[in-house]
Amino acid sequence: MMCLVSRTGRELQRYDMGRRLVVGCIPYRYKNENGEVEVLVISSQKGHAMMFPKGGWELDESVEEAALRECFEEAGVVGVVEVCIYTRNWSFKSKSQGIYHEGHMFPMLVAEQLEFWPEKNLRQRVWMKVEEAREVCQSWWMKEALDVFVERLASQTLTKQDFLN
């Protein structure tokens, strides 16, 4: 049986030099045989913005476990967390708390979309084309992570085609 409650509170949160460590994912899937990619965006809890699932990295989990947990809690998807999107992390200031965060982003190939998940009643989730997601995403650092992810996918596709030829 799976627990359908999100973790709350800040007592287990990781910090580095005063910055709260935040982990997120770009959930994606292949829409068709042509390799067209769709990404999953979610609404903020207050419903004013669209973003990728993200949240605090806690002391009792690896960074990959935190990424999986955030996708499950906020978006109701599970899958395979891949290699971190970028060699550096994103530093940004929280609008609500006024403190700096350090963001780590991972692509996650979605294996299953759940009917019920912890924040189902708090968020909307929408699959969309990468270009659409880039337009609706409110966070500059998530847009940048999406760009890096798309570049990575394109280079992997070229490498596979070169190998096949």
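**Salt bridges and a serine**

I started in helix 1 (residues 63-75), where Glu73 and Arg69 both sit, four residues apart, about one turn of the helix. Helices here are DSSP runs of H or I, at least four residues, and strands are runs of E, at least two, numbered from the N terminus. This is a predicted model: local features need pLDDT of at least 70, side-chain atom pairs count only at pLDDT 80 or more, and totals for chains, interfaces and linings use all residues. Residues are numbered from 1 along each chain as its sequence is written, and side-chain values use heavy atoms, with hydrogens and water left out.

The side chains of Glu73 and Arg69 form a salt bridge at 3.3 Å, N to O (a side-chain nitrogen of Lys or Arg within 4 Å of a carboxyl oxygen of Asp or Glu). I noted Glu73 as buried at 4% relative accessibility, and Arg69 as buried at 11% (buried is under 20% relative accessible area, exposed over 50%, partly exposed in between; 1.4 Å probe, protein chains only). A network of salt bridges links Glu61, Arg69, Glu70 and Glu73.

Next I checked the whole structure and got seven salt bridges. One of them joins Arg29 to Glu38, closest N and O atoms 2.8 Å apart. Arg29 is partly exposed at 30%, while Glu38 is buried at 10%. Glu119 pairs with Arg123 at 2.5 Å between the closest N and O atoms, and both are buried.

Last, I looked at Ser43, in strand 3 (residues 37-43). Ser43 counts as buried because its relative accessibility is 6%.
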